[in-house]
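Me: Please walk me through a few loop residues in this model. Keep it brisk.

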Amino acid sequence: FKTIARNAGISPGDFPPLDEFKANLAQEDISKYPIFSLKQMKKLDEALQVEIPALVKKLNEYQQVSDQGTSANPSSFNPFESADDALSNLLDTVHNGGAANSGTNDWVVSLVQKTEADNIFYGQVLTNGKLTGKAAKKAFSTTGLESDKLNKIWAMVDFDKTNELDADQFALALHLASILKAGEELPERLAPQMIPPSWRR
């Protein structure tokens, strides 16, 4: 608890009694719990600090529309949309997570593989959200592969030849590494289902 409180900036008073926590934990099968994801935690922090306050602000504006029949800021709304419709559309967008999450079901990288890769990726020192240089070498050292093989993998996943990788490219790189570690050969060219959805055109 002390380590978590220190690393995450959580007040010690927010934790449950230690003995009670141990007793409850002993009755649980931890193997059934989802894998901890640093990326998801960062998304949660962003939701709590940015997205939810913005949503509350919008809801207050929609309430003004409903109460007054007009908006204090008309340009921020569809002028032909009722307050109820506007609110419904907003909630649908939040509930569905937007369009960015669509089209990921056919990716060869599984959810478990992606989560494990994200934990490694977001545990490195990133440059503008990308993996480069020494940090990349450190991250790829987890594969245990020789440099020539890692060089080939890097060349395959560095789609735009910028010598830096985003989280999806890194997840694909670890997937390709797992293929080599299983004793199989890498494809000459990436199949369509290997390309991360975020990089498909």
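Predicted model: local features only at pLDDT ≥ 70, side-chain atom pairs only at ≥ 80, totals over all residues.

Me: Where does Asn128 lie, and what is its phi near?

Reply: Asn128 is in the loop that runs between helix H5 (111-121) and helix H6 (133-140). Most residues other than glycine have a negative phi. Asn128 is not a glycine, yet its phi is positive, near 55°.

Me: Is Asn128 buried or exposed?

Reply: Exposed means over 50% relative accessible area. Asn128 is therefore exposed, at a relative accessibility of 79%.

Me: Which loop holds Lys161, and is the residue buried or exposed?

Reply: Lys161 sits between helix H7 (147-157) and helix H8 (167-181), in the loop there. Its phi is positive, about 55°, although Lys161 is not a glycine. The cut-off for exposed is over 50%. Lys161 has 56% relative accessibility, so it counts as exposed.

Me: Thr143 lies in the loop between H6 and H7. Is Thr143 buried or exposed?

Reply: Buried means under 20% relative accessible area. The relative accessible area of Thr143 is 7%, so this loop residue is buried.

Me: Which backbone nitrogen does the side chain of Thr143 reach?

Reply: A polar contact needs N or O atoms within 3.5 Å. The Thr143 side chain comes to 3.3 Å from a backbone nitrogen. That nitrogen belongs to Leu145.

Me: Leaving aside neighbours within four places in sequence, which residues is Thr143 in contact with?

Reply: Contact here means heavy atoms within 4.5 Å. With neighbours within four places in sequence left aside, the partners of Thr143 are Leu150, Leu174, Ala177 and Lys181.

Methods: Residues numbered from 1 in each chain as written. Heavy atoms only, no water. Helix = DSSP H or I, 4+ residues; strand = E, 2+ residues; numbered from the N terminus. Buried < 20%, exposed > 50% of the residue type's maximum accessible area, 1.4 Å probe, protein only. Polar contact = N/O pair within 3.5 Å; in protein donor to acceptor, adjacent residues only side chain to side chain.
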